[in-house]
Amino acid sequence: MDTCQRCREHGFSMDLKDGVCHRCFLRDTDNQKRPVTPFLMSAENDMDPGIVPADLPELTQVEEMVIARAHVQMLVKRVRGHQYHYTGHCVTFMQNIVRTVDVLPSLPSELDIILLQPPANHADDLRYRRQFQADFRVRRQHILTWLYFLKTNHPGYRYITISTDRIAALPVDGDVSSSIIHIADDTLGLDGPIELADAPPTSQSVVLSLDQDTTEANLILEEITGRRPPPTGLPAPSIQHTPIDEASGREQILSLAFPTLYPTGQADLNTPRLRNVPLKDYARHLLCWHDMRFAQHARWRFFIFNMYMRQKARSTAQFYVSRTSNIKDLTREELMEALNTDANLLPQIVRQGALLPGTRPYWRNRGGSLQAHARFLSPSAAPVFLTLSCADMQWHDLQRHLPRFTDYLTGDDRTRQRIVWSNVQDYPHLVAHYLDIRFRAFLKHVLRPYLGITDHWIRYEWQHRGSGHLHCLFWTESSPPLDPLTDEQRATFAEYWGQRITAWNPDQLRHPDTRNPASLAPLDVTNTSDQFAAFLNRLQLHSACRPSYCLVTNKKGETSCRFFYPRPLAQQPVVTKEINHRDYMFAPARNQAILNQCSPVVTMGWMANTDIQPSLSLHAVLAYLAKYVSKPEKSSVSYTELQVCP
Ligand SMILES: [Zn+2]
Ligand SMILES: [Zn+2]
């Protein structure tokens, strides 16, 4: 990876020339090829957040919230037990109202954290206590050190009052989880022995809120405020409330909410600048900041992303209102009324929503253009569907770019697993960027020449943890046409794809290696059928059908696997109705009923689970596109409301 001397960003393929990255070259050069100053991402333009002085102690998330002047999110932490391990899960809710306080520190009981924990009889269990000690640790001296530093060095903290009574109410070094709002969750239990050392770190996720008035967070807050009286005898913090959308324009909220990231208050989003920096570029710049503290921070990235989505939603709404002059002066209530009575208004609004990635109208729009694309290109050549998973916990080539790679190389399995898990959690931007680079290289150097691809469509999907996979649709130059009608045409089709796709396992009984083959270093991958068998046995088996995953029940009450496993064995590739009785399907030669068919070239090159299926009919292509490739993200209440009234 590279680091640019000018913007101090750190990342993949930055195309450095004399130490300056290509992005800097583009943003700091005018159309006469002369440099533009101050440089956009420079300290002169207040885009340098500095480094955190080494003598300042590292704070836990709770400690940072204790010293924060602005509170913008609510955390819900869930602790759960499992037979073999337990995980902590932290969900971030966005708040619409920023609270700013002038008297610090805040007390743990005043923080917007809710702890979902097991019933009381389990809560004192050593395993939970151990996790709480890490997550809810507060050290009085660390808080003091930071507050004095901030008061001296951070303009936003200059006039704060550091309350000695409040300081005294903090533990010297202790777990404050008992002061946090608790909700006992009966579904959480401890069901068996675990080893303490196996507990993986907490994973993070977020609930996005685009709704401008009420969020889940506000509702829960309303619900709980009554149960959270301020402690008696302590000076109450003086609290201001600012709606977050206004706050995003003027006040320097980010540096007050995340003081450990902005120790001197520099590089806040809302600092007046000589050269304007759009929010998207601002976020990218800090996400790539060379010490990676922004990328690693458990809450900052969610807040910035939420801000970005709000901004997009707002600009979409403005676009709509300015164009439709006859309703531009309506209040929200009048607009709702108009929408209920005038059927012509809603489609206009929905169309505007197509500009906002992730919404239902957006995907409907995308799905529509892809269907047109498919009709135009087909049926002269049958397209092939390819799904590629991301082995982000395995790929050696990815791990070598992430921190602690030397420990990773020399450590035992458990050490390796811990390093990889925390890296994948801490640096999701690097993992996502790596996946994109790997896919582009794979498309260019392997897929395109091998399959003879002429056109393609791809979609990235991200699971909750952030792990990605790709849905691809490739049109190729030499594949047989769609909708083969005769036995002869079907035989040609089967023969063509049978040369590229197989379900023939060279060694079903091969013993698994101790090491997952997806984590092999490039030089350790051998081009042999034994290696291929190792990949198949580890990555391509549909070994158990599960109700939550693939088992479906039809009207007659019969249960079957929606992926048609186990499948019939076959000596030769065929086009057959034997698998899916409603339609013809291509089936490769097969000697193992539960093997997920694959292309050996793709499996050996991509080194993760893949799925490949050529399509037999235009009807099937369109159905697949509608169902899988362009399906909308799962909609939340906020998204749904957004589509009705942005
Ligand atoms: Zn640069
Ligand atoms: Zn199944």
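Predicted model: local features only at pLDDT ≥ 70, side-chain atom pairs only at ≥ 80, totals over all residues.
**Ground rules.** I number residues from 1 along each chain as its sequence is written, and chains are lettered from A and ligands numbered from 1 in the order in which they are written. Local features need pLDDT of at least 70, side-chain atom pairs count only at pLDDT 80 or more, totals for chains, interfaces and linings use all residues, and side-chain values use heavy atoms, with hydrogens and water left out.

**Zinc ion (ligand 1).** I looked up its protein donors (N, O and S atoms within 2.8 Å of the metal, or 3.2 Å for Na, K and Ca; water is not among the atoms, so sites may look incomplete). I found Cys 4, Cys 7, Cys 21 and Cys 24, each using SG, at 2.3 Å. Their spacing in sequence reads C-x2-C-x13-C-x2-C. Cys 7 sits in the loop between strand 1 and strand 2, while Cys 24 is in helix 1, 17 residues along. For me, helices (H or I, at least four residues) and strands (E, at least two) are DSSP runs, numbered from the N terminus. Both Cys 7 and Cys 24 are buried, meaning under 20% relative accessible area; exposed is over 50% and partly exposed is in between (1.4 Å probe, protein chains only).

**Zinc ion (ligand 2).** Here I got His 542 (NE2) plus the SG atoms of Cys 545, Cys 550 and Cys 561, 2.1 to 2.3 Å away. The spacing is H-x2-C-x4-C-x10-C. Cys 545 is partly exposed at 31% relative accessible area, but Cys 561 is buried at 7%.

**Helix 5.** I checked which residues of helix 5 are buried, and got Ile 143, Leu 144, Trp 146, Leu 147, Phe 149 and Leu 150.

**Salt bridges.** I counted 19 of them, taking a side-chain nitrogen of Lys or Arg within 4 Å of a carboxyl oxygen of Asp or Glu. One joins Arg 6 and Asp 28 at 3.0 Å, N to O. These two are 22 residues apart, with Arg 6 in the loop between strand 1 and strand 2 and Asp 28 in the loop between helix 1 and helix 2. Arg 6 is partly exposed at 26%, whereas Asp 28 is buried at 2%.

Which residue does Glu 64 meet in a salt bridge? The partner is Arg 299, at 2.9 Å. They lie 235 residues apart in the chain, and both are buried.

I also noted Asp 413 and Arg 416, paired at 2.9 Å. Both belong to helix 18, three residues apart, about one turn of the helix.
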